[in-house]
Structures are given as structure tokens and as C-alpha cells.
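Welcome! Please take a moment to look over the sequence and turn the model around before reading on.

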Amino acid sequence: MALFLPGRTRCAACREVIGHDDEVVMFPPGLFADRSVLARFNDASAHRACLTGDELWLEALEARDFFLRDPVAFIRSLEDR
Ligand SMILES: [Zn+2]
């Protein structure tokens, strides 16, 4: 999972520093293909508000949640594409 340092780590969505009181979402490495527009979230952190406020970034959050809930099913879903 991504390294997150409150007050130092930048949000992968808005590029602003994530503060101590901000709700943060961390992504594992290799979740998205390198050529994907979502690749910026690989091994990165983001404000939850940034993810839920944007349709494309929300897709990243949903993929992460799917992966964490059932990694095997997530990998299989990639093979089906
Ligand atoms: Zn942000």
C-alpha cells in the first residue's frame, strides 16, 4: 500500500498536500495498467473527497474497494477484458 505522510504526501487527484485531518484513501501498487488514465493512483494516496467528487476518480476508488474486498475476483475481471 502507498506510503502516506500527513502534511507531506500529495493527493494523486488534485496534487495538493493531504493534511492531518483529511480523510485519505491509499492505493496498492500495480492496480491500474500503466497506459490507463488511472495509473496515477498506483501506489499513491488521495483525498477521499477528491475521489468521490469526480466521476473518473470515483472509478479508481471503486476499483480499489473491489480489489481489497476480493483480490481474486478483481484479477479475474482484468483477464476478461
Ligand atoms: Zn485531493
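## Before we start

Two residues are said to be in contact, or to touch, if their C-beta atoms, placed from the backbone, lie within 7 Å.

The structure is a predicted model, in which local features need pLDDT of at least 70, side-chain atom pairs count only at pLDDT 80 or more, and totals for chains, interfaces and linings use all residues. Residues are numbered from 1 along each chain as its sequence is written.

## How confident is the model?

The predictor gives each residue a confidence called pLDDT, from 0 to 100. The chain has a mean pLDDT of 94, and 99% of its residues reach 70 or more. Confidence is highest in strand β2 (residues 45–47), at 97, and lowest in helix α3 (residues 71–79), at a mean of 90.

## The overall layout

Helices (H or I, at least four residues) and strands (E, at least two) are DSSP runs, numbered from the N terminus. Here there are three helices and two strands, and from the N terminus on they run β-β-α-α-α. The radius of gyration, taken over C-alpha atoms, is compared with a globule rule of 2.2 Å times the number of residues to the power 0.38. For this chain the radius is 13 Å, close to the 12 Å that the rule gives for 81 residues, so the chain is as compact as a globular protein of that length.

Along the principal axes, the C-alpha atoms fill a box of roughly 40 × 20 × 20 Å. Among contacts between residues at least 6 apart in sequence, 46% join residues at least 24 apart.

A residue is buried if 20 or more other C-beta atoms lie within 10 Å of its own, exposed if 12 or fewer, and partly exposed in between, with C-beta atoms placed from the backbone. Buried residues make up 22% of the 81 residues in the chain. In soluble globular proteins, nonpolar side chains tend to be buried together.

A nonpolar core is a set of buried Ala, Val, Leu, Ile, Met, Phe, Trp, Tyr and Cys residues joined through C-beta atoms within 7 Å. The largest one here has 15 residues, and those with the most contacts inside it are Ala13, Phe41, Ala46 and Leu51. Helices α1 (48–52) and α2 (55–69) each supply at least two residues of this core, with the largest share, three residues, coming from α2. Not counting residues up to four places away in sequence, Phe41 touches Ala12, Phe27, Leu31, Phe32, Ala46 and Ala60.

The expected span of a helix is 1.5 Å times one less than its number of residues. For the 15 residues of α2 that gives 21 Å, and the end C-alpha atoms are 21 Å apart, which agrees.

Which residues of α2 are buried? They are Trp57, Ala60, Leu61 and Arg64. Seen down the axis of α2, the buried residues fall within an arc of 95° (the arc of the directions from the helix axis to the C-beta atoms), so they line one face of the helix. These buried residues pack against β1 and α1. On the other side of α2, Glu55, Leu56, Glu62 and Arg69 are exposed.

## Residues worth a visit

Arg15 is found in the segment before β1 (24–26) and counts as exposed, because it has 10 C-beta neighbours inside 10 Å. Asp43 lies in the loop between β1 and β2 and is partly exposed, with 14 other C-beta atoms within 10 Å. Pro28 is also placed in the loop between β1 and β2; the C-alpha atoms of Pro28 and Asp43, 15 residues apart along the chain, are separated by 4.8 Å.

Over in helix α1 lies Arg48, which counts as partly exposed with 15 C-beta neighbours inside 10 Å. Arg48 touches Glu23, Val24 and Val25, not counting residues up to four places away in sequence. The C-alpha atoms of Arg48 and Asp22 are 26 residues apart along the chain and separated by 8.1 Å.
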